[in-house]
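Welcome! Here is a short briefing to read alongside the sequence and the 3D view.

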Amino acid sequence: MAKVTVRYWAAAKAAARVAEEPHEADTLAAALAAARERHPGELSRVLSRCSFLVDGDPVGTRGHETVRLTDGCTVEVLPPFAGG
């Protein structure tokens, strides 16, 4: 399993009640499942609306189970932002 850092921003940070945390996961889907398990409730709802970056690269519409994570990578959790 890869040791990764998940960083939460804005509403995701508020729902998780932490700015970042470590997880062990080989895919983005597994990392998000671990985050949902660790923070049941509001975070699941927020995650369903978020976009994600893995080491600065947008995940876009790729299936989260196909996004491989490597040791030391960072997953950024970005809720929709208002304004322009």
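Helices (H or I, at least four residues) and strands (E, at least two) are DSSP runs, numbered from the N terminus. This is a predicted model, in which local features need pLDDT of at least 70 and side-chain atom pairs count only at pLDDT 80 or more, while totals for chains, interfaces and linings use all residues. Residues are numbered from 1 along each chain as its sequence is written, and side-chain values use heavy atoms, with hydrogens and water left out.

**The overall picture**

- The protein chain holds three helices and five strands, and they follow one another in the pattern β-α-β-α-α-β-β-β.
- For 84 residues, a compact globule would have a radius of gyration near 12 Å, and the protein chain agrees because its own value is 12 Å. This radius is taken over C-alpha atoms, and the globule rule is 2.2 Å times the number of residues to the power 0.38.
- The C-alpha trace of the protein chain spans about 35 × 25 × 20 Å along its principal axes.
- Of the 84 residues in the protein chain, 38% are buried. Here, buried means under 20% relative accessible area, exposed means over 50%, and partly exposed lies in between (1.4 Å probe, protein chains only).
- Taking contacts in the protein chain between residues at least 6 apart in sequence, 57% join residues at least 24 apart; a contact means heavy atoms within 4.5 Å.

**Surface and charge**

- The protein chain has an accessible surface of about 4,900 Å², and carbon and sulfur atoms account for 53% of that area. Such areas come from the Shrake-Rupley method with a 1.4 Å probe, and for residues only the protein chains shown count as cover.
- There are 10 positive and 11 negative charges in the protein chain, and their mean positions are 6 Å apart. Lys and Arg count as positive and Asp and Glu as negative, while His and the chain ends are not counted. The place of a charge is taken as NZ of Lys, CZ of Arg, CG of Asp or CD of Glu.

**How the sheet is put together**

- Five strands form an open sheet with mixed pairing, in the order E2-E1-E5-E3-E4. E2 and strand E4 (57–58) are the edge strands, each pairing on one side only. Two strands pair if DSSP finds at least two bridges between them.
- Strand E1 (residues 3–8) pairs with E2 in the antiparallel sense over five bridges. Across this pairing, Val6 stands opposite Glu21 and Arg7 stands opposite Glu20.
- E1 also pairs with strand E5 (residues 74–78), this time in the parallel sense over four bridges. Thr5 stands opposite Thr74 in E5, and the bridge partner of Val6 in E5 is Val75.
- E3 and E5 run antiparallel and are joined by four bridges, with Val77 in E5 as the bridge partner of Phe52.
- E3 and E4 also run antiparallel, joined by two bridges, and Leu53 stands opposite Pro58 in E4.

**Two faces along the strands**

- In a regular strand the side chains alternate between the two faces of the sheet.
- E1 has a covered face made of Val4, Val6 and Tyr8, and an uncovered one made of Lys3, Thr5 and Arg7.

**Loops and turns to look at**

- Most residues other than glycine have a negative phi, and most peptide bonds are trans.
- Arg17 has a positive phi of about 65 degrees although it is not a glycine. Arg17 lies in the loop between helix H1 (10–16) and E2 and is exposed, with a relative accessible area of 75%.
- Asp55 lies in the loop between E3 and E4. These two strands form a hairpin with two residues between them, and Asp55 in the turn has a positive phi of about 50 degrees. Asp55 is partly exposed, with a relative accessible area of 47%.
- Pro40 is found in the loop between helix H2 (28–38) and helix H3 (42–47), and Pro40 is exposed, with a relative accessible area of 67%.
- Pro40 and Arg62 are 22 residues apart along the chain, and their C-alpha atoms are separated by 24 Å.
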